[in-house]
Amino acid sequence: MRDRGQSEYVYARSSLSNLVVWIERYFFEQCREVRRSVLGALGIAENRPGPNDMALIIQKFGGTSVADVDRIKQAAFRTQAEVAAGNQVVVVVSAMAGVTNELVKYTDQMGALSDAREYDVVVSSGEQSNAGLMALALQNLGIQARSWLGWQIPIWTDNVHGKARISSINTENI
């Protein structure tokens with residue numbers, strides 16, 4: 001049985017440009033690593049903010065929290081509250097509940113796995129669609145948002161498909 005890590009999307013809001021950027025990243029086991037990577041990419045020290053500093057908030061919305069359009073809108077309201085409070089926000093968005101399992105079944109039905117890269121492409125597509133839907137929900141709330149995929153930033157990882165680790169993030173486009 002192959003390892004089926006969940007690819008996630010993160011977006012970071014730049015304090016200078018109000019730009020929301022989605023960063024593809026595994027979240028569950030690597031939450032601290034993601035935080036360090038995002039903080040480093042944004043040039044923010046990993047200490048707690050002072051009274052005059054904005055906080056960097058990481059919000060994780062799992063499959064049931066973004067299971068349909070209404071729930072995605074509810075998640076966007078939570079993000080809007082943090083943005084309104086003046087915080088920088090990083091959001092991790094999973095695929096809708098059950099979507100990843102369906103995609104995994106489809107890859108299993110194709111037969112023997114010969115290329116783990118293609119498995120990753122198929123399984124990550126649920127997160128990709130939710131990243132776009134979340135960006136649209138945020139835009140409808142007046143928050144400047146755009147979904148980005150990891151290759152668009154770009155984010156460089158090792159070659160361990162299904163369990164990749166970030167090696168660097170090119171922040172020039174962010």
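The buried residues of H3 pack against helix H4, residues 116-140. Contact here means heavy atoms within 4.5 Å, and buried means under 20% relative accessible area, with exposed over 50% and partly exposed in between, using a 1.4 Å probe and protein chains only. Helices (H or I, at least four residues) and strands (E, at least two) are DSSP runs, numbered from the N terminus.

This is a predicted model, where local features need pLDDT of at least 70 and side-chain atom pairs count only at pLDDT 80 or more, while totals for chains, interfaces and linings use all residues. Residues are numbered from 1 along each chain as its sequence is written, and side-chain values use heavy atoms, with hydrogens and water left out.

Back to H3. Which residues of H3 are buried? They are Thr100, Leu103, Val104 and Thr107. Looking down the axis of H3, these buried residues fall within an arc of 100°, so they line one face of the helix. The arc is taken over the directions from the helix axis to the C-beta atoms. The face turned away from the buried side carries the exposed residues Asn101 and Gln109.

Take Thr107, which sits in H3, residues 99-109. Why does Thr107 count as buried? Because its relative accessibility is 11%. Its side chain reaches the backbone oxygen of Val104 at 2.7 Å. That is a polar contact, meaning a pair of N or O atoms within 3.5 Å; within protein, one must be able to donate a hydrogen and the other to accept it, and residues adjacent in sequence count only if both atoms are side-chain atoms. Just after H3, Gly111 takes a positive phi of about 110°.

Now the partner, H4. Asp115 caps its N-terminal end, with a side-chain oxygen 3.0 Å from the backbone nitrogen of Arg117. H4 has 25 residues and spans 37 Å from first C-alpha to last, close to the 36 Å expected at 1.5 Å a residue. The expected span is 1.5 Å times one less than the number of residues. Where does H4 bend? At Ser125, by about 40°; the bend is the angle between axes fitted to the seven residues ending there and the seven starting there. Buried residues of H4 include Tyr119, Asp120, Glu127, Asn130, Met134 and Leu138. Just after H4, Gly142 has a positive phi of about 85°.

Asp68 caps the N-terminal end of H2, a side-chain oxygen lying 3.2 Å from the backbone nitrogen of Asp70. H2 has 16 residues and reaches 22 Å from its first C-alpha to its last, close to the 22 Å expected. Its buried residues are Ile72, Ala75, Ala76, Thr79 and Val83. Down the axis of H2 they fall within an arc of 105°, so they line one face of the helix. On the other side, Asp70, Gln74, Arg78 and Ala84 are exposed. Just after H2, Gly86 takes a positive phi of about 90°.

Next, the cores. In soluble globular proteins, nonpolar side chains tend to be buried together. A nonpolar core is a set of buried Ala, Val, Leu, Ile, Met, Phe, Trp, Tyr and Cys residues joined through side-chain atoms within 4.5 Å. The largest one here has 15 residues, and Phe61, Val66, Met134 and Leu138 have the most contacts inside it. Helix H2 (69-84), strand E4 (88-93) and H4 each supply at least two residues of this core. Setting aside neighbours within four places in sequence, Val66 contacts residues including Phe61, Ile72, Ala75, Val93 and Asn130.

A second, separate core has five residues, among them Ile153, Ile155, Ile166 and Ile169. Ile155 lies in strand E5 and counts as buried at 12% relative accessibility. Its C-alpha is separated by 6.1 Å from that of Ser168, 13 residues apart along the chain. Ile153 is joined to Pro154 by a cis peptide bond, with omega about -10°. Pro154 itself lies in the loop between H4 and strand E5 (155-157).

Last, the overall picture. The protein has four helices and six strands, running β-β-α-β-α-β-α-α-β-β from the N terminus. Of its 174 residues, 40% are buried. Among contacts between residues at least 6 apart in sequence, 62% join residues at least 24 apart.
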